[in-house]
Amino acid sequence: MDIVYANGLIGGVDEAGRGPLAGPVFAACVVLDVAYRIDGLADSKTLSEKKRNELTIIIKKHAKAWAIASASVLEIDQLNILQASLLAMKRAVESLPFTPDIVFVDGNQNPRLKCPARTVIRGDSLIPEISAASILAKTARDAEMLRLHQHFPVYGFDQHKGYPTKNHLAALHRHGVSEIHRQSFAPISALKSNGKLL
(Lines give C-alpha, C1' and ligand atoms only; values in the text may rest on other atoms or scores of the structure.)
Protein backbone atom coordinates (compact mmCIF):
# COMPACT_ATOMS: atom_id res chain seq x y z
CA MET A 1 0.00 0.00 0.00
CA ASP A 2 1.49 3.33 -1.04
CA ILE A 3 1.19 6.29 1.32
CA VAL A 4 2.00 9.77 0.09
CA TYR A 5 2.35 12.20 2.96
CA ALA A 6 5.22 14.51 2.12
CA ASN A 7 7.38 15.74 4.99
CA GLY A 8 4.87 14.48 7.53
CA LEU A 9 5.33 12.49 10.70
CA ILE A 10 3.43 9.24 10.20
CA GLY A 11 2.44 7.21 13.21
CA GLY A 12 1.27 3.62 13.14
CA VAL A 13 -0.81 2.15 15.96
CA ASP A 14 -1.90 -1.39 16.76
CA GLU A 15 -3.06 -3.41 19.74
CA ALA A 16 -2.29 -6.84 21.15
CA GLY A 17 -4.42 -9.00 23.39
CA ARG A 18 -8.05 -8.59 22.44
CA GLY A 19 -8.74 -12.33 22.43
CA PRO A 20 -7.24 -13.60 25.72
CA LEU A 21 -9.30 -14.38 28.79
CA ALA A 22 -6.80 -12.75 31.13
CA GLY A 23 -4.47 -9.81 31.42
CA PRO A 24 -4.53 -6.26 30.07
CA VAL A 25 -4.75 -5.25 26.43
CA PHE A 26 -1.69 -3.43 25.08
CA ALA A 27 -1.18 -0.94 22.26
CA ALA A 28 1.82 0.76 20.71
CA CYS A 29 2.40 3.71 18.42
CA VAL A 30 5.54 4.01 16.30
CA VAL A 31 6.87 6.83 14.14
CA LEU A 32 9.64 5.41 11.98
CA ASP A 33 12.69 7.37 10.90
CA VAL A 34 12.61 7.63 7.10
CA ALA A 35 16.42 7.78 7.15
CA TYR A 36 16.68 4.31 8.69
CA ARG A 37 14.97 1.37 7.00
CA ILE A 38 14.11 -1.56 9.27
CA ASP A 39 14.01 -4.81 7.33
CA GLY A 40 11.69 -7.63 8.32
CA LEU A 41 8.75 -5.62 9.63
CA ALA A 42 5.53 -7.61 9.38
CA ASP A 43 2.37 -8.47 11.26
CA SER A 44 3.65 -9.65 14.65
CA LYS A 45 1.47 -12.77 14.48
CA THR A 46 3.44 -14.01 11.47
CA LEU A 47 6.82 -13.64 13.17
CA SER A 48 8.57 -16.02 15.55
CA GLU A 49 9.05 -14.92 19.15
CA LYS A 50 12.78 -14.66 18.54
CA LYS A 51 12.29 -12.42 15.50
CA ARG A 52 9.78 -10.22 17.34
CA ASN A 53 12.24 -9.73 20.18
CA GLU A 54 15.07 -8.90 17.78
CA LEU A 55 12.92 -6.38 15.91
CA THR A 56 11.70 -4.82 19.16
CA ILE A 57 15.28 -3.88 20.04
CA ILE A 58 15.86 -2.40 16.57
CA ILE A 59 12.56 -0.47 16.54
CA LYS A 60 13.17 1.05 19.95
CA LYS A 61 16.71 2.06 18.95
CA HIS A 62 16.06 3.47 15.49
CA ALA A 63 12.45 4.72 15.36
CA LYS A 64 11.95 8.47 15.53
CA ALA A 65 9.56 7.84 18.41
CA TRP A 66 7.61 5.01 20.02
CA ALA A 67 5.28 4.50 22.96
CA ILE A 68 3.51 1.57 24.57
CA ALA A 69 0.37 1.74 26.71
CA SER A 70 -2.29 -0.57 28.07
CA ALA A 71 -5.81 -0.80 29.43
CA SER A 72 -6.36 -2.85 32.56
CA VAL A 73 -8.55 -5.88 33.12
CA LEU A 74 -10.89 -3.65 35.14
CA GLU A 75 -11.17 -1.20 32.24
CA ILE A 76 -11.82 -4.08 29.83
CA ASP A 77 -14.67 -5.29 32.04
CA GLN A 78 -16.09 -1.80 32.49
CA LEU A 79 -15.80 -0.56 28.90
CA ASN A 80 -15.76 -3.80 26.80
CA ILE A 81 -12.72 -5.06 24.96
CA LEU A 82 -13.16 -2.89 21.86
CA GLN A 83 -13.37 0.36 23.80
CA ALA A 84 -10.52 -0.69 26.09
CA SER A 85 -8.37 -1.45 23.02
CA LEU A 86 -9.15 1.99 21.58
CA LEU A 87 -8.29 3.55 24.95
CA ALA A 88 -4.92 1.78 24.99
CA MET A 89 -4.27 3.04 21.44
CA LYS A 90 -5.18 6.60 22.46
CA ARG A 91 -2.83 6.40 25.43
CA ALA A 92 -0.01 5.12 23.24
CA VAL A 93 -0.39 7.95 20.72
CA GLU A 94 -0.64 10.57 23.45
CA SER A 95 2.48 9.18 25.15
CA LEU A 96 4.67 10.10 22.18
CA PRO A 97 6.97 13.10 22.71
CA PHE A 98 5.20 14.87 19.83
CA THR A 99 1.92 14.65 17.94
CA PRO A 100 2.15 12.90 14.56
CA ASP A 101 0.72 14.62 11.49
CA ILE A 102 -1.37 11.52 10.83
CA VAL A 103 -1.84 8.16 12.49
CA PHE A 104 -2.66 4.96 10.63
CA VAL A 105 -4.66 2.54 12.77
CA ASP A 106 -4.89 -1.20 12.19
CA GLY A 107 -8.48 -2.36 11.73
CA ASN A 108 -11.69 -0.44 11.13
CA GLN A 109 -12.13 1.54 14.36
CA ASN A 110 -10.41 4.83 15.19
CA PRO A 111 -9.48 5.86 18.72
CA ARG A 112 -10.37 9.44 19.59
CA LEU A 113 -7.19 11.32 18.80
CA LYS A 114 -6.15 14.94 18.62
CA CYS A 115 -4.54 14.37 15.21
CA PRO A 116 -5.90 13.01 11.92
CA ALA A 117 -6.29 9.25 11.85
CA ARG A 118 -7.10 6.70 9.19
CA THR A 119 -8.03 3.06 9.65
CA VAL A 120 -6.44 0.41 7.46
CA ILE A 121 -7.76 -3.15 7.31
CA ARG A 122 -4.83 -5.57 7.70
CA GLY A 123 -2.62 -2.54 8.19
CA ASP A 124 -0.21 -4.59 10.29
CA SER A 125 0.86 -6.39 7.13
CA LEU A 126 0.65 -3.38 4.80
CA ILE A 127 2.12 -0.36 6.58
CA PRO A 128 5.57 -0.50 8.22
CA GLU A 129 4.62 1.88 11.04
CA ILE A 130 1.68 -0.34 12.01
CA SER A 131 3.80 -3.48 11.68
CA ALA A 132 6.32 -1.97 14.07
CA ALA A 133 3.56 -1.02 16.48
CA SER A 134 2.10 -4.52 16.37
CA ILE A 135 5.52 -5.96 17.27
CA LEU A 136 6.04 -3.62 20.23
CA ALA A 137 2.51 -4.20 21.53
CA LYS A 138 2.86 -7.97 21.25
CA THR A 139 6.26 -8.21 22.93
CA ALA A 140 5.19 -5.84 25.72
CA ARG A 141 2.04 -7.84 26.43
CA ASP A 142 3.92 -11.14 26.33
CA ALA A 143 6.40 -9.74 28.86
CA GLU A 144 3.55 -8.69 31.13
CA MET A 145 1.96 -12.15 30.93
CA LEU A 146 5.30 -13.72 31.86
CA ARG A 147 5.40 -11.40 34.88
CA LEU A 148 1.85 -12.37 35.84
CA HIS A 149 2.79 -16.03 35.48
CA GLN A 150 5.10 -15.59 38.47
CA HIS A 151 2.10 -14.57 40.59
CA PHE A 152 -0.42 -17.03 39.10
CA PRO A 153 1.65 -20.03 37.95
CA VAL A 154 -1.25 -22.54 38.00
CA TYR A 155 -2.71 -21.10 34.78
CA GLY A 156 0.33 -21.45 32.53
CA PHE A 157 0.38 -17.87 31.28
CA ASP A 158 3.99 -18.39 30.21
CA GLN A 159 2.74 -20.83 27.58
CA HIS A 160 -0.54 -19.40 26.25
CA LYS A 161 -0.34 -15.74 27.38
CA GLY A 162 -3.95 -15.86 28.55
CA TYR A 163 -5.55 -17.12 25.34
CA PRO A 164 -8.35 -19.72 25.71
CA THR A 165 -6.29 -22.80 24.97
CA LYS A 166 -7.31 -26.26 26.11
CA ASN A 167 -4.75 -26.17 28.92
CA HIS A 168 -5.88 -22.72 30.08
CA LEU A 169 -9.54 -23.76 30.17
CA ALA A 170 -8.63 -26.92 32.05
CA ALA A 171 -6.70 -24.85 34.61
CA LEU A 172 -9.68 -22.53 35.03
CA HIS A 173 -11.98 -25.47 35.74
CA ARG A 174 -9.44 -26.89 38.16
CA HIS A 175 -8.43 -23.74 40.03
CA GLY A 176 -11.22 -21.24 39.39
CA VAL A 177 -11.02 -17.64 38.19
CA SER A 178 -8.33 -15.20 39.33
CA GLU A 179 -8.44 -11.43 39.72
CA ILE A 180 -6.56 -10.94 36.45
CA HIS A 181 -9.14 -12.83 34.40
CA ARG A 182 -11.58 -10.76 32.36
CA GLN A 183 -14.79 -11.20 34.34
CA SER A 184 -17.00 -9.98 31.48
CA PHE A 185 -15.80 -12.63 29.02
CA ALA A 186 -18.30 -15.46 28.60
CA PRO A 187 -16.12 -18.43 29.68
CA ILE A 188 -15.07 -16.52 32.82
CA SER A 189 -18.53 -15.28 33.77
CA ALA A 190 -19.87 -18.80 33.31
CA LEU A 191 -17.29 -20.16 35.76
CA LYS A 192 -18.01 -17.36 38.22
CA SER A 193 -21.72 -18.15 38.15
CA ASN A 194 -20.81 -21.69 39.18
CA GLY A 195 -18.76 -20.41 42.09
CA LYS A 196 -15.36 -21.12 40.52
CA LEU A 197 -13.55 -18.04 41.79
CA LEU A 198 -9.97 -18.17 43.05
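Residues are termed buried under 20% relative accessible area, exposed over 50%, and partly exposed in between, with a 1.4 Å probe and protein chains only. The structure is a predicted model, in which local features need pLDDT of at least 70 and side-chain atom pairs count only at pLDDT 80 or more, whereas totals for chains, interfaces and linings use all residues. Residues are numbered from 1 along each chain as its sequence is written, and side-chain values use heavy atoms, with hydrogens and water left out.

By the accessibility criterion, L136 is buried because its relative accessibility is 0%. The residue belongs to helix α4; helices (H or I, at least four residues) and strands (E, at least two) are DSSP runs, numbered from the N terminus. Leaving aside neighbours within four places in sequence, L136 is in contact (heavy atoms within 4.5 Å) with A28, V30, T56, I59, K60, W66 and I68. P24 lies 112 residues from L136 along the chain, and the C-alpha atoms of the two are separated by 15 Å.

Two packed helices are described by the angle between their axes and the distance between the axes. Here axes are lines fitted to C-alpha atoms, for helices over the stretch in contact, and angles run from 0 to 180 degrees between N-to-C directions. Helix α1 (residues 49-62) and helix α4 (residues 128-151) pack with their axes 9 Å apart, at an angle of about 115°. The crossing of α1 past α4 is left-handed, a term for a near helix turned anticlockwise from the far one by less than a right angle, clockwise being right-handed. On the α1 side the contact is made by R52, N53, L55, T56, I59 and K60, and on the α4 side by A132, I135, L136, K138, T139 and D142. These residues divide into five nonpolar, three polar and four charged, where Ala, Val, Leu, Ile, Met, Phe, Trp, Tyr, Cys and Pro count as nonpolar, Asp, Glu, Lys and Arg as charged, and the others, Gly among them, as polar.

Another residue of helix α4 is E144. E144 counts as buried because its relative accessibility is 19%. Not counting residues up to four places away in sequence, E144 touches P24 and F26.

In soluble globular proteins, nonpolar side chains tend to be buried together. A nonpolar core is taken as a set of buried Ala, Val, Leu, Ile, Met, Phe, Trp, Tyr and Cys residues joined through side-chain atoms within 4.5 Å. The largest such core has 36 residues, of which V13, V103, F157 and L172 touch the most other members. The elements that give two or more residues to this core are β2 (25-31), β3 (65-71), α3 (81-94), β4 (102-106), α4, α6 (166-175) and α7 (186-193). Helix α3 gives the most, with seven residues. Apart from this core lies another, of 15 residues, among them A28, L47, L55 and L136. V13 touches A28, C29, M89, V93, V103, F104, V105, D106, I130 and A133, not counting residues up to four places away in sequence.

A search of the whole structure finds one aromatic pair, formed by Y155 and F157. Rings of Phe, Tyr and Trp (its six-membered ring) pair if their centres lie within 6.5 Å; planes under 30 degrees apart count as stacked, over 60 as edge-to-face and the rest as tilted. The pair is stacked, at 5.5 Å centre to centre and with 25° between the planes. Y155 is buried at 2% relative accessibility, and F157 is buried at 0%.

Helix α7 contains I188, which is buried at 0% relative accessibility. I188 touches L21, L172, V177, H181, R182 and Q183, residues up to four places away in sequence not being counted. The C-alpha atoms of I188 and K64, 124 residues apart along the chain, are separated by 41 Å.

Several loop residues were also examined. N80, in the loop between α2 (73-79) and α3, has a positive phi of about 95° although it is not a glycine. N80 counts as partly exposed, at 39% relative accessibility. K161, in the loop between α5 (157-160) and α6, is likewise not a glycine and has a positive phi of about 55°. K161 is buried, with a relative accessible area of 11%. V34 is found in the loop between β2 and α1 and is exposed, with a relative accessible area of 87%. V34 and F152 are 118 residues apart in sequence and 42 Å apart in space, C-alpha to C-alpha.
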